[in-house]
Amino acid sequence: MKTWTRKAFLKTSVVAGGAALLARGRLAAAIAAPGSPNGDIRVAVVGFHGKGAQHIEKFRTMPGVRVVALCDVDRRVLDAQIEKFKARGETVAAYADYRTLLEDPSIDAVAIATPNHWHALMAVWACQAGKDVYVEKPVSHNIWEGRKIVEAAQKYRRIVQAGTQWRSDGALQEAFAQIRAGRLGPIKWARGLCYKPRPSIGRTSGPQPVPAHLDYDLWTGPAPLVPPHRNTPEWGSVHYDWHWFWNYGGGDIANQGIHEMDLCRWALGQNGLPPTVLSIGGRFGYDDDAETPNSQIAVFNYEPAPLIFEVRGLPRKAGEKAMDAYRGLHIGITIQCEHGYFAGGAHGGFFYDNEGKRMQQFTNTGPGGGGHQANFIAAMRSRQESDLRAPVEGAHLSTSLCHLANISYRLGSDRSTDAIKEAVSANEPAKESLGRLLEHLEANGVATRTTPAVLGPVLSVEPGAERLVSKENYDAGYWANTLLRREYRKPFVVPEIV
């Protein structure tokens with residue numbers, strides 16, 4: 001396989017031809033006029049065993065946009081989608097190797113919906129190749145590489161939209177504007193919820209076989225090339241359940257939770273990282289191969305109002321399928337203010353008074369999540385990053401919150417319930433979250449008095465930097481910074497200088 005370097009990209013990029021790539025005039029012309037001679041924007045969709053299939057339909061049915069290329073490392077997934085194009089009489093190029101796709105000068109933009117560990121590298125490479133980027137959430141596998149997407153977008157003047165589509169929801173835009181204007185008084189705290197059923201993925205007896213129709217070397221990419229240790233009837237040994245392994249995913253706080261995390265940060269009006277973060281939790285209720293927690297609380301001590309995030313993968317009670325709810329929500333956010341609160345999420349929500357009486361409803365009157373791709377295309381045409389509803393730097397910050405929580409968790413150790421209660425005793429919203437979590441675990445047959453949970457260290461973020469220190473000990477701070485990035489497997493390396 002060809003080893004990509006920045007020099008190689010500069011030779012093949014659509015931004016300018018041959019050795020004249022960086023000539024200012026050619027670069028400016030390419031930026032000003034994306035698309036084919038007839039004005040169509042030409043999009044490639046990368047990865048579509050899940051969310052990417054939605055991107056195909058959104059882009060291919062959008063006026064002035066054509067899906068001209070597809071890329072997936074699973075031959076069966078790729079062939080099935082190609083057949084759909086053929087049945088409609090549509091022409092589309094097929095690629096297994098993303099690097100080869102980027103050599104195609106007819107492609108204006110890529111929509112990336114691969115597993116998380118590929119997001120940042122694909123986005124950086126696309127920027128270097130002169131393509132605009134729609135990258136799914138979370139935008140990175142670690143904090144360091146997320147910042148590299150931001151740098152690449154700025155350096156190559158690319159339009160990079162993140163897949164945090166509820167930024168395009170008109171109801172939320174209105175609700176949060178009223179909250180920040182003081183409609184309910186000062187914000188006291190924000191709480192994000194991800195109560196999503198996550199049953200056991202079971203135990204395997206050892207390394208599992210990789211399907212012959214999947215290029216596992218390309219699937220693995222930047223991660224260590226190790227055999228899969230999972231195999232469920234629904235997903236097999238490779239797909240989807242990668243979310244629960246640190247090499248590729250970040251658990252549900254980074255999977256579903258990134259959406260609600262982003263909404264909380266948006267509502268709070270916070271445009272940076274918090275002074276400190278603490279995470280607690282564990283994998284309770286069953287014993288399986290997965291590594292990430294199925295129950296987690298993360299405490300982000302923003303000032304003046306903290307953000308508390310809760311993940312639950314177990315049902316409301318052992319033997320049931322229904323999930324717990326907080327203020328009527330399984331997945332969503334609550335913004336508690338002095339004179340009431342907002343509860344909602346995707347597609348809007350309500351203002352309530354402090355007795356729980358509804359005061360005002362917010363329903364989506366704009367394009368909603370479905371207009372997010374259209375917003376990306378509009379920004380491509382205008383060449384104005386300010387036109388994007390979810391520019392990559394904001395998504396990088398929200399994604400980083402998920403990573404910070406997981407860093408604290410991964411550096412933690414098993415502690416007693418009393419020790420964990422003491423750790424959050426000074427933070428009333430976190431204390432209340434912990435109390436409800438303990439009740440939830442007991443309802444699922446977990447003896448919390450004798451079953452330890454992970455208590456992570458309190459990590460402090462250096463002001464103005466994306467580096468960490470530990471308030472508790474030097475070693476925790478040192479290891480925390482090692483988790484800000486990863487060792488990349490050559491040739492799939494995010495460059496130091498993009």
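1. Let's start with R327, which sits in the loop between β10 and β11 (331-337); helices (H or I, at least four residues) and strands (E, at least two) are DSSP runs, numbered from the N terminus. R327 is not a glycine, yet its phi is positive, at about 50°. Its relative accessibility is 32%, so R327 counts as partly exposed. For the terms: buried means under 20% relative accessible area, exposed over 50%, and partly exposed in between, with a 1.4 Å probe and protein chains only.

2. A word on provenance: this is a predicted model, in which local features need pLDDT of at least 70 and side-chain atom pairs count only at pLDDT 80 or more, while totals for chains, interfaces and linings use all residues. Residues are numbered from 1 along each chain as its sequence is written, and side-chain values use heavy atoms, with hydrogens and water left out.

3. On confidence, pLDDT is the predictor's confidence in each residue, from 0 to 100. The chain averages 91, and 90% of the residues score at least 70. Residues 1-30 have a pLDDT below 50, and this stretch has 50 contacts in the model beyond near neighbours in sequence; contact means heavy atoms within 4.5 Å. Where pLDDT is low, the predicted coordinates should not be read in detail.

4. H347 is another non-glycine residue with a positive phi, here about 75°. You will find H347 in the loop between β12 (340-345) and β13 (348-352). H347 is exposed, with a relative accessible area of 51%.

5. Please also look at the cis peptide bonds. One joins E303 and P304, with omega about 10°; P304 is in the loop between β9 (295-300) and β10 (307-312). A cis peptide bond also joins K490 and P491, with omega about 5°, and P491 belongs to the segment after α16 (474-482).

6. Helix α11 (residues 257-268) deserves a visit. Its 12 residues reach 16 Å from first C-alpha to last, close to the 16 Å expected at 1.5 Å a residue; the expected span is 1.5 Å times one less than the number of residues. How many of the residues of α11 are buried? The count is 12 of 12, including E260, D262 and R265. Just after α11, G269 takes a positive phi of about 70°.

7. What does α11 pack against? Helix α8 (residues 170-180) packs with α11 at an angle of about 40°, their axes 8 Å apart. Axes are lines fitted to C-alpha atoms, for helices over the stretch in contact, and angles run from 0 to 180 degrees between N-to-C directions. The two helices are therefore oblique to each other: angles under 35 degrees count as roughly parallel, over 145 as roughly antiparallel, 65 to 115 as roughly perpendicular and the rest as oblique. L172, Q173, F176, I179 and R180 of α8 meet L263, W266 and A267 of α11.

8. Leaving aside neighbours within four places in sequence, G394 is in contact with D262 and R265. G394 is partly exposed, with a relative accessible area of 22%.

9. Finally, helix α15 (residues 428-443) has 16 residues that should span 22 Å at 1.5 Å a residue, and its end C-alpha atoms are 23 Å apart, which agrees. Its buried residues include P429, L434 and L441. Among the elements covering the buried residues of α15 are β7 (187-195), β8 (276-282) and α14 (417-423).
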